[in-house]
Amino acid sequence: MTPEAPESASPAATYYESCDAAREAGAAPLLRGEPGYREVLDREGDGIACEPYVGP
């Protein structure tokens with residue numbers, strides 16, 4: 001019997017309550033498919049959550 005490799009963190013295992021939390025963790029911006037990405041954090045729906053604010 002061979003030992004199994006430990007499971008890596010799945011995208012669902014990483015959760016940020018808000019973009020502030022993602023930024024504080026140094027994870028922002030989050031791209032679709034990356035751990036921690038959630039559609040609710042992606043205001044424009046462009047696949048990039050918690051983007052830096054760019055003013056007028």
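Author: This is a predicted model, in which local features need pLDDT of at least 70 and side-chain atom pairs count only at pLDDT 80 or more, while totals for chains, interfaces and linings use all residues. Residues are numbered from 1 along each chain as its sequence is written, and side-chain values use heavy atoms, with hydrogens and water left out.

Taking a disulfide as a pair of cysteine sulfur atoms within 2.5 Å, the count is one. Cys19 and Cys50 form the disulfide, with their sulfur atoms 2.1 Å apart. The pair links distant parts of the chain, 31 residues apart: Cys19 lies in helix H1, and Cys50 in the segment after E2. Helices (H or I, at least four residues) and strands (E, at least two) are DSSP runs, numbered from the N terminus. H1 covers 19–24 and E2 covers 48–49. The link is left-handed, with -80 degrees about the S-S bond.

Both Cys19 and Cys50 are buried, that is, under 20% relative accessible area with a 1.4 Å probe and protein chains only (exposed is over 50%, partly exposed in between). For Cys50 the relative accessibility is 4%. Cys50 also has a positive phi of about 60 degrees, although it is not a glycine.

As for confidence, pLDDT is the predictor's confidence in each residue, from 0 to 100. H1, the helix that holds Cys19, has a mean of 96. The chain mean is 83, and 73% of its residues reach 70 or more. Over residues 1–9 pLDDT stays under 50. Where pLDDT is low, the predicted coordinates should not be read in detail.

Technical notes: Contact = heavy atoms within 4.5 Å.
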